[in-house]
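Visitor: Please take a close look at one helix in this model and at what surrounds it.

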Amino acid sequence: ARVLEVDQTPIGKTPRSCPATYVGFFDKIRALFAGTNEGKARGYGVGRFSFNNEGGRCEACAGQGLRTIEMSFLPDVKVPCEVCHGARFNQETLAVTWKDRNIGEILQMQVDEAVEFFNSMPTIAHPLKLLQDIGLGYLTLGQPSPTLSGGEAQRIRLATQIGSGLVGVAYILDEPSIGLHQRDNDRLLGSLMKLRDLGNSLIVVEHDEDTMRAADCIVDI
């Protein structure tokens, strides 16, 4: 009924896009901070904890956590903001904590750490676990999208699709195993099997022998 290509194009073109925003669980994290006693006492709503909104973000870097230094004859260089030191938010916003962590520290967490940190919050832990299962446990939640490789972007898309619960979809993937260690490729194959077992079809263009052996049907061109 539907065909979706899970390709290696960037999940976003600016530092404002990151795994947390693309997969969608950052909205739930923001609501978590707005619901703390400190957040309520200060009158902070969910919007206060968005690095895209004025008021809560660091205005020196406009919430990007980075400043761009233009080089006359070389590519521009990005350096951490000297005001927020990469945290993206102003000091008033960072004063609100949940389990002794502020929202800037949350974005700097690796997926592996965040899975344990949010284990009491299933709506946040579940998508994080999908990223971990697909071999992306080393990424930070706020890692700017332009710094992700094509394979990482593709696997983030794949994790999002697994979490969507869609069925009756034909997914097309072009060489998803490129650049992966065997251990990570095994994780990738496990995720592909999950998509298949939900009731979907997968068309995978590959040269990797292990991936081909895992297929139900092979078309040799």
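**A helix and its surroundings**

Guide: Gly165, with a positive phi near 75°, follows helix α8. The model is predicted, so local features need pLDDT of at least 70 and side-chain atom pairs count only at pLDDT 80 or more, while totals for chains, interfaces and linings use all residues. Residues are numbered from 1 along each chain as its sequence is written, and side-chain values use heavy atoms, with hydrogens and water left out.

Helix α8 covers residues 150–164; helices (H or I, at least four residues) and strands (E, at least two) are DSSP runs, numbered from the N terminus. From first to last C-alpha, the 15 residues of α8 reach 21 Å, close to the 21 Å expected at 1.5 Å a residue (1.5 Å times one less than the number of residues).

Eleven of the 15 residues of α8 are buried, where buried means under 20% relative accessible area, exposed over 50% and partly exposed in between, with a 1.4 Å probe and protein chains only. Among them are Glu152, Arg155, Arg157 and Gln161, as well as Ile156, Leu158 and Ile162. The buried residues of α8 pack against β1 (2–5), α1 (19–23), α7 (122–133), β6 and α9, contact being heavy atoms within 4.5 Å.

Two of these neighbours, β1 and β6, belong to an open, parallel sheet of three strands in the order β1-β6-β7; two strands pair if DSSP finds at least two bridges between them. The edge strands, β1 and β7, each pair on one side only. On average, neighbouring strands are turned by 20° against each other, direction ignored. Five bridges join β6 (residues 169–174) to β7 (residues 201–205); Ala170 stands opposite Ser201, and Leu173 has Val204 as its bridge partner.

Helix α8 lies across β1 and β6, at about 165° to β6. Axes are lines fitted to C-alpha atoms, for helices over the stretch in contact, and angles run from 0 to 180 degrees between N-to-C directions. Helix α9 (residues 182–197) forms a right-handed β-α-β unit with β6 and β7: with the strands pointing away from the viewer, the path from the first strand over the helix to the second runs clockwise. This helix, α9, lies across β6 and β7, at about 145° to β7.

The two helices, α8 and α9, pack at about 35° with axes 10 Å apart.
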